[in-house]
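I opened this entry to record what I looked up in the structure.

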Amino acid sequence: MVLALLTWAFGVSFLLFFFLRFIKAGNIAASAVLGILIPQVFVRPVIFFFGFDRPFPYEYFESEEWVLVGIALVAASVWILVFSITHMLMIRPMATLGNLFPHPPSNSSLNILLLVTIFTTGIGLLATGRLISNAGSIARFMYNVKIEKELSGFYVVREISVVGAIFASLAFVSFAKLIKTRGKTKNRILFMSASVVLLATNLACNYFWGNRYNIAMLVIALAGGWHFSVSSMKLRYIVALALIVAAGLQGLKAHRNFSVATVAERETDRDQSFWLDISTSLHFTQFDAFMLALRDAGDRFDFRDGKDFINGMLSWIPRQLYSDKESFHVGKWFRQVYYPNVVNGWPVTTIGSWYVNFGGWGILFGGLISGLTAAVFDSAFQNVRGSPWRATMGWVLALLLFDGGVGTGFVQRLFLIFLPVILLAVTLRLFRVGCARDEIAI
């Protein structure tokens with residue numbers, strides 16, 4: 001336990017040192033990668049240290065796995081070092097690529113932004129509503145999505161609502177910035193309120209698909225956009241927001257489980273301990289799966305040799321055109337190694353995804369690729385303060401594209417999230433207004 005505790009202390013020290021450095025420099029993507037690694041890697045061991053819980057699933061771990069805990073923390077620390085050093089060395093050389101990203105001008109029309117948001121939200125709402133109607137109820141729809149997995153090939157509908165939420169977040173922050181700089185008017189208050197309604201509608205649609213992670217990332221991104229372009233948030237408000245998000249995720253999970261259990265006509269699982277329930281809800285147990293992957297890859301199952309990343313590169317092709325494509329989600333097949341008849345997966349963290357595909361070299365190479373990619377991204381989103389577009393889109397894209405690094409689903413996210421944002425930027429460049437007009441705020 002002492003060695004595991006020391007490796008945890010060193011790992012957290014590395015992470016916090018680079019995290020604070022990236023925050024100070026305004027490197028959003030690098031900050032997002034390290035910020036996501038905190039709950040994925042460094043929270044669960046603390047629960048082990050205090051004896052509140054032990055690695056899950058219990059039957060596949062010994063009562064004490066301190067050596068394995070230490071190995072997992074060392075692997076994560078190596079990833080953090082490779083990622084951070086690569087980013088720091090390459091952010092200036094990558095500036096040329098970053099400059100290719102289109103940003104809308106400051107005199108873009110917020111009215112056009114609001115219309116685009118309404119249009120996108122409407123498509124997502126109508127498509128999700130039609131699928132819910134076919135299922136018969138929201139609870140039945142959630143059951144079909146989470147348990148039966150009947151809607152593979154339709155998840156692009158969920159992503160439309162994610163894009164709608166991104167646009168609504170930008171609209172909200174932009175109108176808030178406009179009100180702060182130019183004062184309140186009836187139209188400005190009305191349009192900002194409409195942005196809130198549109199955002200809530202898109203988040204609700206996303207939740208009906210059984211997804212809570214995107215909701216959390218979008219709320220955090222919205223707070224980041226507000227902090228850097230409207231009004232700086234004090235530390236106590238940031239802590240309060242983190243607690244609210246955590247409580248909200250737990251509440252949404254409980255409601256989803258109750259709805260699914262009602263449809264299945266069975267009792268919800270009440271035997272799960274408090275700490276395991278919280279860890280599962282907040283994705284802390286990804287560390288447990290990461291440890292299992294480190295221990296069993298190459299022994300209980302073969303290394304994947306990049307198969308999951310190849311599947312990820314092909315994932316953007318619609319299933320109607322490529323019906324035999326395989327899932328890029330490592331957690332899906334990984335859990336079936338231990339429980340062949342279970343559908344829901346065990347994510348192994350982005351670090352674990354690189355390891356099960358390429359072994360130890362994957363951790364080094366994955367950290368390098370992630371650092372280079374984040375450097376390109378951060379070079380495109382410099383000077384975020386005061387700019388609703390750069391601050392909001394910077395945090396949204398960083399949190400949704402980088403899940404602790406460049407993972408197997410990165411290419412799909414580029415098509416489903418990054419490409420619509422680029423199209424929005426191009427659209428807003430086409431619709432500019434005079435300097436005296438009310439719409440200016442981006």
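Accessible areas here come from the Shrake-Rupley method with a 1.4 Å probe. On that basis I read an accessible surface of about 20,300 Å² for the protein, of which 65% belongs to carbon and sulfur atoms. I note that the model is predicted.

Fold. I looked up the secondary structure and found 19 helices and zero strands. I then checked the radius of gyration, which is 22 Å; the globule rule gives 22 Å for 442 residues, so the protein is as compact as a globular protein of that length. The C-alpha trace spans about 70 × 55 × 45 Å along its principal axes.

Contacts. I considered contacts with a separation of 6 or more, and 79% of them join residues 24 or more positions apart.

Charges. I recorded 37 positive and 25 negative side chains. The centres of the two sets lie 16 Å apart.

Interior. I found that buried residues make up 51% of the 442 residues. Which residues have the most contacts inside the largest nonpolar core? They are Ile166, Phe334 and Trp389, in a core of 114 residues. Helix H8 (residues 155-182) supplies the largest share of this core, 14 residues.

I followed Ile166 further. Leaving out residues up to four places away in sequence, I listed its contacts as Leu218, Met393, Val396, Leu400, Ile417 and Val421.

Terms used:
Residues numbered from 1 in each chain as written. Predicted model: local features only at pLDDT ≥ 70, side-chain atom pairs only at ≥ 80, totals over all residues. Heavy atoms only, no water. Helix = DSSP H or I, 4+ residues; strand = E, 2+ residues; numbered from the N terminus. Rg over C-alpha atoms; globule rule 2.2 N^0.38 Å. Buried < 20%, exposed > 50% of the residue type's maximum accessible area, 1.4 Å probe, protein only. Contact = heavy atoms within 4.5 Å. Lys, Arg positive; Asp, Glu negative; His and termini not counted. Charge placed at Lys NZ, Arg CZ, Asp CG, Glu CD. Core = buried A, V, L, I, M, F, W, Y, C linked by side-chain atoms within 4.5 Å.
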